[in-house]
Amino acid sequence: MEDDIIESRKRQLLKEIPALKAEILALYRSLDRKFGLHASDVPIDFGFDEARLGAYTPPGGGREEEFYFSLVFVGFLSRDSLHREDKLDLYKHEYAHYMQFHIEIPQEYQFKSGLHGSAWKYCCSLVGAAPSEYYRFGKGSERPDYEKALNNPWKNPHAALLDIAHRKKEAENSRNRVIQYRKGDTVVHPKFGTGIIEDLEQMTGSVRLTIRFSDAVRKIDQKWLLRSNYKKRG
């Protein structure tokens, strides 16, 4: 039954692809006109990745150039859909990656290498994307501090490793905030016994469950239940 529900949601999200693609292309065409680029001609792929919101793949090495976005986070009716501001920031985030590959970056903005280095941050300043090394929910509504991002030539020798660690952490947070339960589900706790889920609160890197046990109502982190294999019953 659960698999049927999941497949039903996937089919529903797949129907949203034409509208999502039109939304992204409208933005990319406006940016293309402004900067004389052709991102709107690059294929856009969609999937159900729960650890990756979006990506830009440059051409070369046997790879086709493309943009990718996860329907889990950009789908209009998805439970984990980003707010509109965050979606726009995500689209611009990937456009900045495309731009970095297709324009000449001024020498003064080449002081830090890496996927999210100074060249990419320079492109973010042009398109209005948050110059964050890793994606944060709610970042799209903040005012980016480009002056700070582009005027700090200090080179951290561990920057690449830190960037990888940050992206791994954000991927983990993205997975953890995907709701795995529903109101009314029955769970079994090794100490408190059987309980009924009364509420679910989606947080930055997790989901907090409000569960009514026979003796009290308790709030338990979904990650702990899943890690401990105390999954829903029935």
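Is Asp215 buried or exposed? Asp215 is exposed, at a relative accessible area of 52%, where exposed means over 50%, buried under 20%, and partly exposed in between (1.4 Å probe, protein chains only). Keep in mind that this is a predicted model, so local features need pLDDT of at least 70, side-chain atom pairs count only at pLDDT 80 or more, and totals for chains, interfaces and linings use all residues. Residues are numbered from 1 along each chain as its sequence is written, and side-chain values use heavy atoms, with hydrogens and water left out.

**Confidence**

- Average pLDDT (the predictor's confidence in each residue, from 0 to 100) for the chain is 81, and 76% of the residues score at least 70.
- Helices (H or I, at least four residues) and strands (E, at least two) are DSSP runs, numbered from the N terminus.

**Salt bridges**

- You'll find six salt bridges in the structure, each being a side-chain nitrogen of Lys or Arg within 4 Å of a carboxyl oxygen of Asp or Glu.
- One of them pairs Glu23 with Arg84, with 3.4 Å between the closest N and O atoms.
- That pair links distant parts of the chain, 61 residues apart: Glu23 sits in helix 2 and Arg84 in helix 4 (residues 84-102).
- On the accessibility side, Glu23 is partly exposed at 21%, while Arg84 counts as exposed at 53%.
- Arg212 and Glu198 meet through their side chains in another salt bridge, at 2.4 Å from N to O.
- Because Arg212 lies in strand 6 (residues 207-213) and Glu198 in strand 5 (residues 193-202), this pair ties together parts that are 14 residues apart in sequence.
- Both ends are partly exposed: Arg212 has a relative accessible area of 43%, and Glu198 has 36%.
- Back to Asp215: its salt-bridge partner is Arg218, and the closest N and O atoms are 3.0 Å apart.
- Arg218 is partly exposed, with a relative accessible area of 22%.

**Around His97**

- His97 lies in helix 4 and is buried, with a relative accessible area of 9%.
- Its side chain makes a polar contact with the side chain of His116 at 3.3 Å; such a contact is a pair of N or O atoms within 3.5 Å, and within protein one must be able to donate a hydrogen and the other to accept it, while residues adjacent in sequence count only if both atoms are side-chain atoms.
- Setting aside neighbours within four places in sequence, His97 is in contact (heavy atoms within 4.5 Å) with Tyr56, Leu115, His116 and Trp120.
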